[in-house]
Amino acid sequence: MMEEKPSGIQNYTSGLFKELIKKKNLKFVFFSTGHHKLQADTQHFSSNSWFIKSLRKIDPRLANIFFDNFDILRFIKKYKINVFVSPSFILPFFKPIGVKFITVIHDLSFLTYKHNPFRIYMNLVMYMKVLMPFIVKRADAIVVDSYFVKKELEKVYRVESKKIEVIYPGSDDFFYPNKNETAFLELIKKYHIQKKFIFTTATNHERKNIFGLVD
C-alpha cells in the first residue's frame, strides 16, 4: 500500500513505523513490493521476484495479493522475524511456527458498505469478506482504532475480547495548536469562514459519510 497514493492507512503506517523504530532495544524491518522507504535509514527489503513482476504487468492487485499472502512468508523466514505486524488488515495465508502475528483492523466497512461499483465490490469487498474470518483466527493480537470496531469484531467474528487491543491513532506533527491569532484571522478571511466550522481529514468518498458529518 505504501506504493500507492498516500491516504489514511499509508499515513497510519508511516506514523506507526516512525514511532516503533525509536525503540532501540528492538530491531525493525520493513517489507514492501516497491522501493518507497518510510525513512532513509530504514532497514527495507523489497520483493523483486520475477513472479511478482509478471503479476504486476497483468494487474497490480494480483501482485499485492500474492505478496501479502504468500511471498511475505519468504521474508519472514529469511530474516528470522519473531513478530510480524500488518498495519492494514491482511496477514499471510500460513503462520510459521514460532512467529507471532499482529494485525491492525481499522474498520469493518466492507461488511456494511454496499454501494461500490461492481468491479471494486468483487475485487476488494469480497476479498476482505473471504479472508477476514481466517485473519482473526491467525492473529495473536488485533489492534483496532476504536471500541466500536472492537465490539464489531466480538459480535461478527466471535473474537475474544482479550485478543483485541484498542489503540487510538496518534496525530502527525503537521497538526498543532494555533497560537497566532492574527494568522488565524487571516486564514478564515481568506476562505470566507464566518461561523463555526467542522474540519475533517477524510477523503471525499461516499463511505466516509460526509453528509452524516454535516447533518
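This report walks through the fold, the sheet, a helix pair, an aromatic pair and a pocket of a predicted model.

## Ground rules

Because the model is predicted, local features need pLDDT of at least 70 and side-chain atom pairs count only at pLDDT 80 or more, while totals for chains, interfaces and linings use all residues. Residues are numbered from 1 along each chain as its sequence is written, and side-chain values use heavy atoms, leaving out hydrogens and water.

## Overall layout

The protein has eight helices and six strands. Here helices (H or I, at least four residues) and strands (E, at least two) are DSSP runs, numbered from the N terminus. Followed along the sequence, they give the pattern α-β-β-α-α-β-β-α-α-β-α-β-α-α. The C-alpha trace spans about 60 × 40 × 40 Å along its principal axes.

## The four-stranded sheet

Let's turn to the sheet. Four strands form an open sheet in the order E3-E4-E5-E6, with parallel pairing; two strands pair if DSSP finds at least two bridges between them. At the edges are E3 and E6 (164–166), each pairing on one side only. From one strand to the next the twist averages 20 degrees. Helix H6 (residues 147–156) packs on this sheet, where it touches E4, E5 and E6, and its direction makes about 165 degrees with that of E6. For such values, axes are lines fitted to C-alpha atoms (for helices over the stretch in contact), angles run from 0 to 180 degrees between N-to-C directions, and contact means heavy atoms within 4.5 Å.

Now strand by strand: E3 (residues 83–86) and E4 (residues 100–105) are joined by four bridges, with Phe-84 opposite Phe-101 in E4. Four bridges also link E4 to E5 (residues 141–144). There, Thr-103 stands opposite Ile-142, and Ile-105 has Val-144 as its bridge partner. E5 and E6 pair over three bridges, and Ile-142 faces Ile-164 in E6.

## Helices H2 and H3

Helix H2 (residues 50–58) and helix H3 (residues 60–78) have axes that come within 5 Å and cross at roughly 145 degrees. On the H2 side the contact involves Phe-51, Ile-52, Leu-55, Arg-56 and Ile-58, which meet Pro-60, Leu-62, Ala-63, Phe-66, Phe-67 and Asp-71 in H3. By class, these residues are nine nonpolar, no polar and two charged. In this scheme Ala, Val, Leu, Ile, Met, Phe, Trp, Tyr, Cys and Pro count as nonpolar, Asp, Glu, Lys and Arg as charged, and the others, Gly among them, as polar.

## Aromatic pairs

The structure holds 14 aromatic pairs. Rings of Phe, Tyr and Trp (its six-membered ring) pair if their centres lie within 6.5 Å; planes under 30 degrees apart count as stacked, over 60 as edge-to-face and the rest as tilted. One of the pairs is Phe-31 with Phe-45, tilted at 40 degrees between the planes and 6.4 Å centre to centre. Phe-31 belongs to strand E1 (residues 30–32) and Phe-45 to strand E2 (residues 44–46), so the pair ties together parts 14 residues apart in sequence.

## The second largest pocket

Residues lining the second largest pocket include Phe-174, Tyr-176, Asn-178, Leu-187, Ile-193 and Phe-199. The lining as a whole divides into ten nonpolar, one polar and no charged residues. On a 1 Å grid over the protein atoms alone, a pocket is an open set of points where a 1.4 Å probe fits, with protein on both sides within 12 Å along at least five of seven lines; lining residues have an atom within 4 Å of a point.
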